[in-house]
Amino acid sequence: MYVDNGIPAAAPADAGHPAPELAGPPLLAVQDLTLERGGNAVLDRVTLSLGAGRTLGLLGESGAGKSTLAMALIGLLQAPEVRMQGSMRFDGEELVGLPEKRFQTLRGRRIGLVFQDASAALDPCFTIGDQVCEPLRRHLRLDRRQAIERAVELLDSVGIPDARTRLAAYPHQLSGGMQQRVMISIALACNPELLIADEPTSALDVTIQAQIMELILTRVRALGSSAIFVLHDLALASQVCDDIAVMYAGQIVETGPARAVLGHPLHPYTVGLRRCVVELDAVRLEPLAGTVPGAADMPAGCRFATRCPHVRPRCAAERPPLVQREGRSLACWEIDRLLAAASEGVAA
Ligand SMILES: Nc1ncnc2c1ncn2[C@@H]1O[C@H](COP(=O)(O)OP(=O)(O)OP(=O)(O)O)[C@@H](O)[C@H]1O
């Protein structure tokens, strides 16, 4: 069933591969993470968690800080380029301040990465075989013959035809979709517990976007891994993510199960984000009024205050904490009124 804007009211979150319910300590726990870049707090006290075997969608407008968070999680943003406070714990290990040498043992081994643009991520000077074998040899210590056999299996598993022959190909000899499949095979080569995929399909033709997302999800579920997807597309997020974290100007404004957050958004920003989704059959689009404040004009309180239809004087002055209620978290001083309105089935 679909509500307005083509987003399923009850997000299936890949009904064919059900995710485990949250149990035990989270695989990833980010707590009050602030990241400053050039003197600006690009991330402001970000708090979220990800359970083992679950998929999390990071949503928000351009500039919200989604990629920054993803890059920080894999250690690609570190001092002195940025300043970080707070905590990011992966399987209990603190990532803030983790030495680069230690990150190198996590990246590609326990945390896999898929970027938007495979043609930029793959090295044009090395063959596909070299690049798929590299993490297998480095992290899993396979010898050359073992790595080649495993690389053929991996390329085969991501739908590369005639995988053994393709080992000798260079990236430019493959289509964009095939390059993306190669990157997915590299990211998952060492069976990582966590996959971070930053806009994994937005550089591809729409005709193959769905195939690639389905491929990633199938492989992630088969491995029992967790995944973070940085996405713009709410309908896609509702189909592939168990949980959603909505970001606005570097702050988390709403988190929770995908079917709750996208089916029945509470935060005024999430409500606005969902209303401005473009659909072919949309009768009326409702773009979010206003623009994201610049780094120099950021309100001290809720950063959405300048655009919020429910703004109160307190909102711009005091930052609303992320409060847990009814299975989701919300950063809004109007939380009680929003929840009451939602339970009565009326717009706040
Ligand atoms: N290399 C950089 N140097 C300085 N500031 C940066 C850099 N990259 C990003 N930023 C700033 O960090 C903030 C967050 O950007 P980020 O790319 O993380 O957002 P995003 O939500 O991923 O956006 P998009 O969806 O467009 O990728 C923005 O204000 C951006 O201008």
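## A pair of packed helices

Let's start with H4 and H7, which cross in a right-handed sense. This is a predicted model, and in it helix H4 covers residues 128–140 while helix H7 covers residues 176–187. Their axes lie 8 Å apart and meet at an angle of about 20°. Angles under 35 degrees count as roughly parallel, so H4 is roughly parallel to H7.

Which residues make the contact? On the H4 side they are Ile128, Gln131, Val132 and Pro135, and H7 supplies Val182, Ser185 and Ile186. By class, the residues of this contact of H4 with H7 comprise 5 nonpolar and 2 polar, with no charged ones.

## Around the ligand

Turning to the ligand, its surroundings include Arg37, Gly38 and Val42. Gly60, Ser62, Gly63, Ala64, Gly65, Lys66, Ser67 and Thr68 also surround the ligand.

Which helix gives the most to this shell? That is helix H1, spanning residues 66–73, with 3 residues. Sorted by class, the shell holds 7 polar residues, 2 nonpolar and 2 charged.

## A mostly covered helix

Helix H11 runs over residues 268–275 and is mostly covered, with 6 of its 8 residues buried. Those buried residues are Pro268, Tyr269, Thr270, Gly272, Leu273 and Arg274.

Definitions and conventions:
Residues numbered from 1 in each chain as written. Predicted model: local features only at pLDDT ≥ 70, side-chain atom pairs only at ≥ 80, totals over all residues. Near = placed C-beta within 6 Å. Helix = DSSP H or I, 4+ residues; strand = E, 2+ residues; numbered from the N terminus. Nonpolar A, V, L, I, M, F, W, Y, C, P; charged D, E, K, R; others polar. Axes fitted to C-alpha atoms, helices over the stretch in contact; angles between N-to-C directions. Parallel < 35°, antiparallel > 145°, perpendicular 65-115°, else oblique. Left-handed = near helix turned anticlockwise from the far one by under 90°. Contact = placed C-beta atoms within 7 Å. Buried ≥ 20, exposed ≤ 12 C-beta atoms within 10 Å, placed from the backbone.
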